[in-house]
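Here is a short briefing to read alongside the structure. Have the viewer open as you go through the points.

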Amino acid sequence: MSAMEYPGNLFVVAAPSGAGKSSLVKALRELDSAVNPSVSHTTRAPRGQEKHGREYFFVSPAEFDAMVQAEAFLEWANVHGHRYGTSKRAVEERIASGADVILEIDFQGALQVRKVFANAVLIFILPPSWEELRSRLERRGEDAPEVIELRLQNAAEEMTQTREFDYVIINELFERALFDLKAIVHAQRLRYSAQRRARADTFAALNIP
Ligand SMILES: Nc1nc2c(ncn2[C@@H]2O[C@H](COP(=O)(O)OP(=O)(O)O)[C@@H](O)[C@H]2O)c(=O)[nH]1
Ligand SMILES: Nc1ncnc2c1ncn2[C@@H]1O[C@H](COP(=O)(O)OP(=O)(O)O)[C@@H](O)[C@H]1O
């Protein structure tokens, strides 16, 4: 059977800034190399150790506009005053060839992706409380106080979209949240992709129509 009959899974993880999305997805990828990340494009400036092409493709507003014009984005959105987008090429070819892809994007982008990929699995990560969200943003030490305030204000709006998602993970104890994320990925694979292919062979051997 060709890979085209068994496209890969698309996982979309969104969360208010500081909830732990990047840490959870990074830990998942260390355990499961079959989930492929997609590198987004952004108009924001690189922080600290960030490298072009690794965390993001850092582009100018004009370059971003050109990609929008060329319909190169699967989705894009304005987040915390900058634009971010997922290029179609980064995702479509890999899904079509049977690979699983994970997107770490904001809720607006997640809802756009679902319109294109109806089978995308949408996962929302929540912090256990406002106090904890604020202290994680402060402890991360990457953002100025006014940027943290903006992110907290935006978090309130993002959280109103929680119920649009297929799964919600509360990231209180990190290991517990990681277990939940792994469980979601595993359950989806049992429904589709590699496992589905293996089951098709078993079904044929057992003459199950
Ligand atoms: N819609 C969309 N959002 C993105 C994309 N890439 C990153 N984001 C989101 O933009 C927001 C800000 O990301 P970033 O500046 O890296 O900060 P942080 O993730 O909050 O530390 C986060 O909510 C990201 O998930 C993308 O390609 N599309
Ligand atoms: N369960 C957790 N308990 C305590 N701290 C956490 C937990 N998950 C993540 N963090 C920390 O919170 C900060 C924000 O996490 P990060 O993954 O950067 O969030 P996001 O990608 O959602 O903005 C980081 O310093 C991270 O180490």
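Which residues does UniProt list for "binding site"? The unreviewed entry gives Ala15, Pro16, Ser17, Gly18, Ala19, Gly20, Lys21 and Ser22. Please keep in mind that this is a predicted model.

**Ala19, from the UniProt list**
- You will find Ala19 in the loop that runs between strand S1 (10–14) and helix H1 (21–31).
- Ala19 counts as buried because 27 other C-beta atoms lie within 10 Å, and the cut-off for buried is 20 or more.
- Leaving aside residues up to four places away in sequence, Ala19 touches Ile125, Leu126, Pro127, Leu133 and Asn171.

**Ser22, from the UniProt list**
- Ser22 sits in helix H1.
- With 16 other C-beta atoms within 10 Å, Ser22 is partly exposed, because that class falls between the limits of 12 or fewer for exposed and 20 or more for buried.

**Helices H5 and H6**
- Helix H5 (residues 130–140) and helix H6 (residues 145–159) have axes that come within 11 Å and cross at roughly 145°.
- The crossing of H5 past H6 is right-handed.
- On the H5 side, the contact is made by Leu133, Arg134, Leu137 and Glu138; H6 contributes Ile148, Arg151, Leu152 and Ala155.
- Five of the residues in this contact of H5 with H6 are nonpolar, three are charged and none is polar.

Key:
Residues numbered from 1 in each chain as written. Chains lettered and ligands numbered in written order. Predicted model: local features only at pLDDT ≥ 70, side-chain atom pairs only at ≥ 80, totals over all residues. Axes fitted to C-alpha atoms, helices over the stretch in contact; angles between N-to-C directions. Helix = DSSP H or I, 4+ residues; strand = E, 2+ residues; numbered from the N terminus. Left-handed = near helix turned anticlockwise from the far one by under 90°. Contact = placed C-beta atoms within 7 Å. Nonpolar A, V, L, I, M, F, W, Y, C, P; charged D, E, K, R; others polar. UniProt positions renumbered as here; feature names shortened; annotations may be inferred.
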